[in-house]
Amino acid sequence: IDELRTILLQTTYLIIVGVLVSLQLIELTRKIRPPKFLRRAWGYRELLLNFTFGTLLNSYTIFYFKSASAFSSLIFIGILVVLLIINEFKTFGKSKVQVRMAFFSLCLISFLVSLAPTLMGFMGPVPFMTATFMSIAVISGLYRILKTLLAAKPTLLRTHVLFPYSVVQFIFVVLYFMHAIPPVPLSVSYMGIYHNIEAKQGGYHLSYTRPWWKFWQHGDQTFQARAGDSIFCYVQVFSPTRFKDQIQIRWLLWNEKSGWIPSKAIPMPVLGGRDDGYRGITKKDDYQPGTWRVQIETMDSQEIGRIGFTVEPDGSTGDRDLRTVIR
């Protein structure tokens, strides 16, 4: 998400989309005659618009999906997938330009919401509001240009530019403060539960007792606990290059009457630049049998990732079959 090539491609596609949607808006008031060198390609402008929208929406769906964990975030991802499908199959009739402007607004805001923390090097309300003001500046500039070209149609600009953008931006702000938007550009690339973790030359040595047939588990997600055991949680969090911030780790225990009971969050620094993600460890000595969960969150409690596991008492005293993986 922080590669210069990716950022430049998205910028190029956004410019193409902005130009094509603006041309559709102008065509509502008068017929456009393209220059001679564009006449052959002019008939393919709708296909080009669908392609660029599809590429952008697909990229942001992937970025959000990699950062999503909470159920509310997955609902947001589902909405993006629906929009991606609608873009491919729906023509929208008389509302086409308004819907296209809404799509453009969504793509623009998504791009800036991921770009601002990438450039600023930290997460939180400040990068988000910076991205919001940047999107307002872009739409204001587009509005001024179109106002010059459509001087006799101020109502058209309000209904087809300002209204779609304002609706999308308002929804985005509300969803952000409801923690329903995944915290791009951060993402958990790996989480696991282990009996022991040692930092050695070459990486972290993660020890587990999981039988081979539970291949879908990460470490000991069915944790067989003996007296004196500690539970280790290993996590890798991807962040952009030059990123320097803090996240927090929270352990939660399920109670039939009270639901999830959280413990105090443990802060963990995150540095960018490692493709596999910044590595961190947290350990719990005071625990009880039951259903547990470990959540990775931003400092404002926006969930980045989670892993669930169960703790079962183990009364045996024989030697354990400990296996080790290096990460």
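Which strand does Val237 lie in? Val237 lies in strand S5, and we'll come back to this residue below. What you're looking at is a predicted model, where local features need pLDDT of at least 70, side-chain atom pairs count only at pLDDT 80 or more, and totals for chains, interfaces and linings use all residues. Residues are numbered from 1 along each chain as its sequence is written, and side-chain values use heavy atoms, with hydrogens and water left out.

**The big picture**

- The protein has seven helices and twelve strands; helices (H or I, at least four residues) and strands (E, at least two) are DSSP runs, numbered from the N terminus.
- Its C-alpha trace spans about 85 × 40 × 35 Å along the principal axes.
- Of the 327 residues, 48% are buried; buried means under 20% relative accessible area, exposed means over 50%, and partly exposed is in between (1.4 Å probe, protein chains only).
- Take the contacts with a separation of 6 or more: 75% of them come from residues 24 or more positions apart, with contact meaning heavy atoms within 4.5 Å.

**H1 against H5**

- Helix H1 (residues 4-26) and helix H5 (residues 96-120) have axes that come within 10 Å and cross at roughly 160 degrees. Axes here are lines fitted to C-alpha atoms, for helices over the stretch in contact, and angles run from 0 to 180 degrees between N-to-C directions.
- That angle is why H1 and H5 count as roughly antiparallel to each other: angles under 35 degrees are roughly parallel, over 145 roughly antiparallel, 65 to 115 roughly perpendicular, and the rest oblique.
- H1 passes H5 in a left-handed crossing, that is, the near helix is turned anticlockwise from the far one by less than a right angle (clockwise would be right-handed).
- On the H1 side, the residues that meet H5 include Ile7, Leu14, Val17, Gly18 and Leu25; their counterparts in H5 include Val97, Met101, Phe104, Cys107 and Leu115.
- By class, this contact of H1 with H5 has twelve nonpolar, four polar and two charged residues. Ala, Val, Leu, Ile, Met, Phe, Trp, Tyr, Cys and Pro count as nonpolar, Asp, Glu, Lys and Arg as charged, and the others, Gly among them, as polar.

**H1 against H3**

- H1 also meets helix H3 (residues 45-67): their axes come within 10 Å and cross at roughly 140 degrees, so H1 and H3 are oblique to each other.
- The crossing of H1 and H3 is left-handed.
- H1 contributes Tyr13, Ile16 and Leu20, among others, while H3 contributes residues including Leu49, Phe53, Leu56 and Phe63.
- The class tally for H1 with H3 is 13 nonpolar, five polar and two charged residues.

- Three strands make an open sheet in the order S1-S5-S9, with antiparallel pairing; two strands pair if DSSP finds at least two bridges between them.
- Strand S1 (187-194) and strand S9 (278-284) are at the edges with a single partner strand each, so one side of each has no neighbour in the sheet.
- From one strand to the next, the twist averages 15 degrees.
- Strand S5 (residues 231-238) and S9 run antiparallel and are joined by seven bridges, with Val237 standing opposite Tyr278 in S9.
- Val237 is buried, with a relative accessible area of 0%.
- Apart from neighbours within four places in sequence, Val237 is in contact with residues including Ser187, Val188, Ile247, Met268 and Ile296.

**The S2-S3 hairpin**

- Strand S2 (residues 196-200) and strand S3 (residues 203-208) run antiparallel, joined by five bridges; Ala199 has Tyr204 in S3 as its bridge partner.
- Two residues sit between S2 and S3 in this hairpin, and Gly202 in the turn has a positive phi of about 105 degrees.

- Most residues other than glycine have a negative phi, and most peptide bonds are trans.
- The peptide bond from Val184 to Pro185 is cis, with omega near 10 degrees; Pro185 is in the loop between helix H7 (154-177) and S1.
- Arg242 is not a glycine, yet has a positive phi of about 70 degrees. Arg242 is in the loop between S5 and strand S6 (244-255) and counts as exposed at 72% relative accessibility.
- Ser301 has a positive phi too, near 70 degrees. Ser301 lies in the loop between strand S10 (290-298) and strand S11 (303-313) and is partly exposed, with a relative accessible area of 36%.
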